[in-house]
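Student: I have a new structure to look at. Can you walk me through it?
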Amino acid sequence: MQTADIAFPNIGIYISELPKGFTIGGFTIACYGIIMALSMMAGLWIVCVQAKRTGQKTETYLDFALYAIVFSLIGARLYYVAFSWDSYKNDLWQIFNTRGGGMALYGSVIAAIITAVLYCKIKHQDFFLLADTSVAGLVLGQIIGRYGNFFNREAFGEYTDNFFAMRLRVDQVNPSNITDMMKEHMQTADGVSYIQVHPTFLYESLWNVIVLVLILVLTKKKKVNGEIFILYMVGYALGRVWIEGLRTDQLQIGTTGIAVSQVLAGAIAAVGIAAWIIVRIRLRRADHGQINSEKTGAGKEKPEQDPSKTKEI
């Protein structure tokens, strides 16, 4: 067996050394942090692109980003701490030790949505328009951000030998995330033990690429504001329902063994599907009413319209 820090043996990819961070002037910079910064910048860039595509001012989204990024980070930390309270209740100062790890993506999403609602209320903006434009940045940030988990050797699933199976050194993984099944299939080479797992970070990243493509394609085809936001809700949540079930580091509801993110994802998907159906029904009724109105007005002379007052759509 070929040795490596991280490997995808069934694909033939072997990464001999992959550091979790590097030191400059005695200060350690985590690769996770660099990935998060890149994900935020990329997300903001594509939001500005979306704003230009739809005839909006990019300044609105640059202003919103200042608040959204800060509160999303706070939300990600609070969500993680809330569902890992036993690890913090005896040492509250550790809540602020973000360098020790512990950020939950759903917390950042929830915080971003709450921030958007408040921002739109204060700035008198259309929430659904802002949400439709912003979700492209959110999902691109998630696509890139998941590779922070790759560098940290975390957010992986149970043992597998499928095409995408990922092999990790045991001494670089949190012991609490190693299951009995992983131990049963553990391999050793040159005195180093390895586990082989589902790379759930990769699954979610690839899933979100599909969601992003749909968002970009359908943005200019939407009929009402809010449709793209609903698409994101349903698309992202359905992926999390599946992927969260594979992970071994789930944040759970008390001692129930139920993954909180899986339950939340299922609820969001259900709400999103219901909202999509309601929007479709209302649009169909509106179209039907317009057709009836045109039929009723058939045969009547329409007043001439001044071409100079016609707006281009």
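Tutor: Here is a short chat about the surface, a helix and the spaces in this predicted model.

Student: Which residues form a nonpolar patch on the surface?
Tutor: Leu66, Tyr67, Val70, Phe71, Ile74 and Leu78 do. Together they have about 580 Å² of accessible area.

Student: Where is valine 70?
Tutor: Valine 70 sits in helix α2, residues 58-82.

Student: On to pockets. What lines the second largest pocket?
Tutor: The lining is Tyr67, Phe71, Ile114, Thr115, Leu118, Tyr119, Ile122 and Lys123. Tyr67 and Phe71 also belong to the nonpolar patch.

Student: New topic. How many cavities of 30 Å³ or more are there?
Tutor: One. The largest cavity has a volume of about 40 Å³. Among the residues lining it are Gln50, Leu129, Asp132, Thr133 and Lys222. Helix α4, residues 127-145, gives the most to that lining, with three residues.

Student: Last one: α8. Why call it largely enclosed?
Tutor: Because 15 of its 18 residues are buried, α8 is largely enclosed by the rest of the structure.

Student: What should α8 span?
Tutor: At 1.5 Å a residue, the 18 residues of α8 (227-244) should span 26 Å. The end C-alpha atoms are 25 Å apart, which agrees.

Methods: Residues numbered from 1 in each chain as written. Predicted model: local features only at pLDDT ≥ 70, side-chain atom pairs only at ≥ 80, totals over all residues. Heavy atoms only, no water. Patch = residues over 30% accessible without salt bridge, like charges linked within 9 Å, V, L, I, M, F, W, Y side chains within 5 Å. Areas by Shrake-Rupley, 256 points an atom, 1.4 Å probe, with all protein chains shown as cover. Salt bridge = Lys/Arg side-chain N within 4 Å of Asp/Glu carboxyl O. Helix = DSSP H or I, 4+ residues; strand = E, 2+ residues; numbered from the N terminus. Expected span 1.5 Å × (residues − 1). Buried < 20%, exposed > 50% of the residue type's maximum accessible area, 1.4 Å probe, protein only. 1 Å grid on protein atoms, 1.4 Å probe; cavity = no way out; pocket = protein on both sides within 12 Å on 5 of 7 lines; lining within 4 Å. Points joined across faces, edges and corners; volume = space filled by probe spheres on them.
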